[in-house]
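Please examine the sequence and the structure shown below.

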Amino acid sequence: MSGVSVWRVLLGVERHVVIEGVEVEAGDGGEVVVVVSVRSSRRQGSRCPRCGRRCPGYDRGDGRRRWRGLDLGSTRVFLEAEAPRVRCREHGVIVAAVSWARHGSAFTAAFEEQTAWLAAHTAASVVAVLTRSSWRAVTAMVARVVAEARGRSDRLAGVVKIAIDEKAYRKGHRYLTVVTDLDTGRVVWAAEGRSKATVEAFFTALGTQRAAALTHVGCDGADWIHTVVKAKAPNAVLCLDSFHVVAWASEAVDDVRRRIVQELKATGRGEDAATLKGSRWAVLKNPANLTDGQTESLASIKKTNGPLYRAYLIKEQLREVFRIKGVRGRRLLAGVIAWASRSRIPEMVDLARKLRRFHDLIGNTLDTGITSALAENTNTHIAALARRAYGFHTPEALIAMIELTRGGLCPQLPGRAA
Ligand SMILES: [Zn+2]
């Protein structure tokens with residue numbers, strides 16, 4: 001094998017890329033880097049990067065450019081080539097496409113795919129160190145890889161059961177609307193915003209025929225989602241996802257606990273207030289997941305704090321409603337609502353009112369027996385992503401990360417068989 005062919009294999013570039021030379025030079029940190037000079041073959045050159053059409057040349061652009069490629073061992077590698085501009089009939093004057101990199105990127109396609117794969121599988125800080133780049137550069141690579149993958153797959157094909165959720169990020173100031181396929185658990189659509197217009201945009205992407213094929217749509221209590229779903233998906237049963245309903249009860253219990261802490265403080269019982277404050281997770285968690293200490297703290301609440309313990313029991317009964325489902329679930333729900341409204345605990349009375357208001361949609365959930373565990377997983381996953389220390393500079397970057405990790409758009413590692 002000739003030296004040139006060996007380099008082509010090592011760099012993972014296509015056959016029509018001409019390798020002109022290989023140099024070693026000092027990098028910006030004083031370490032050695034490998035610079036490989038390449039050019040597109042005459043047949044592949046002079047194409048528009050947006051539409052792939054052959055176009056007449058325009059000028060030399062900014063001259064020679066470099067693209068960071070996959071490391072060779074521990075040594076950084078750059079591809080260097082001319083980056084002339086072409087004039088496309090449709091896209092105007094634009095830097096010509098190269099087969100080894102995506103338009104507008106300073107990295108090779110293989111480098112970006114490896115980085116995106118890493119970002120989907122390991123901690124952000126690890127990816128930045130390993131790739132010797134910034135988290136910001138990593139999110140930009142993820143965005144380009146995902147944008148390309150989106151064009152290759154139709155994720156909305158064949159969906160019949162979905163959940164539509166609004167998800168807060170940036171400390172609850174901004175929102176995304178996220179659609180999960182309840183059969184596969186995949187995120188099939190996501191966009192910034194939480195409004196009728198956002199949900200309508202989803203149905204536009206879905207198309208009328210596929211909207212008519214929807215059998216179940218799960219969501220939270222947002223009226224603006226309900227209105228659009230009823231209009232656009234006439235054959236779908238609208239359900240309230242159980243985890244949202246249980247979350248309402250958890251919030252109500254937390255409000256009760258907070259109010260009692262305040263009352264104890266105001267009457268000079270600071271020590272009792274502090275104990276109760278420390279019991280937050282004991283009353284919020286699923287009983288099956290309680291630690292020994294939390295079980296103990298729950299037992300002491302039972303003894304000393306009747307209202308909070310009753311609120312806790314109401315919440316747990318509501319969880320049970322969704323476990324047993326069907327007619328029995330409906331019967332238990334009626335019992336929970338009656339219990340909560342007679343509880344003389346204001347927060348629970350409010351909860352009863354809310355449950356009554358959404359009684360029909362909760363009934364649908366119980367009748368269809370639909371489980372929203374996959375949508376709940378998506379929800380938890382997105383909350384964890386949004387909390388990541390490095391953060392996301394734009395909603396698009398967060399959406400790309402969601403689609404990379406939950407939308408089935410994660411690329412293969414370069415050089416591995418599919
Ligand atoms: Zn073009």
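Which residue in β11 does K161 stand opposite? K161 stands opposite H216 in β11. The model is a predicted one, in which local features need pLDDT of at least 70 and side-chain atom pairs count only at pLDDT 80 or more, while totals for chains, interfaces and linings use all residues. Residues are numbered from 1 along each chain as its sequence is written. Helices (H or I, at least four residues) and strands (E, at least two) are DSSP runs, numbered from the N terminus.

The pair of K161 and H216 belongs to an open sheet of five strands, arranged in the order β10-β9-β8-β11-β12 with mixed pairing. Two strands pair if DSSP finds at least two bridges between them. Because β10 and β12 (237–240) each have a single partner strand, they stand at the edges, and one side of each is left without a neighbour in the sheet. From one strand to the next, the twist averages 20°; angles run from 0 to 180 degrees between N-to-C directions, and axes are lines fitted to C-alpha atoms, for helices over the stretch in contact.

Strand β8 (residues 161–169) has partners of both kinds. With strand β11 (residues 216–219), β8 pairs in the parallel sense over three bridges. With β9, β8 pairs in the antiparallel sense over eight bridges, and I162 has D181 of β9 as its bridge partner.

Strand β9 (residues 174–181) is mostly covered, since six of its eight residues are buried; a residue is buried if 20 or more other C-beta atoms lie within 10 Å of its own, exposed if 12 or fewer, and partly exposed in between, with C-beta atoms placed from the backbone. Five bridges join β9 to strand β10 (residues 187–192), and these two strands run antiparallel. T180 stands opposite V187 in β10. Five residues lie between β9 and β10 in the hairpin that they form, and G185 in its turn has a positive phi of about 80°. Helix α17 (residues 395–406) lies across β8, β9 and β10, running at about 175° to β10.

Attention now turns to helix α8. This helix (residues 242–266) has 25 residues and reaches 37 Å from its first C-alpha to its last, close to the 36 Å expected at 1.5 Å a residue; the expected span is 1.5 Å times one less than the number of residues. The buried residues of α8 include F243, V245, A249, A252 and V256. Just after α8, G268 takes a positive phi of about 75°.

The axes of α8 and helix α14 (residues 346–357) come within 9 Å and cross at roughly 165°. The two helices are therefore roughly antiparallel to each other, since angles under 35 degrees count as roughly parallel, over 145 as roughly antiparallel, 65 to 115 as roughly perpendicular and the rest as oblique. W248, A249, A252, D255 and V256 of α8 make the contact with E347, M348, D350, L351 and K354 of α14; two residues are in contact if their C-beta atoms, placed from the backbone, lie within 7 Å.
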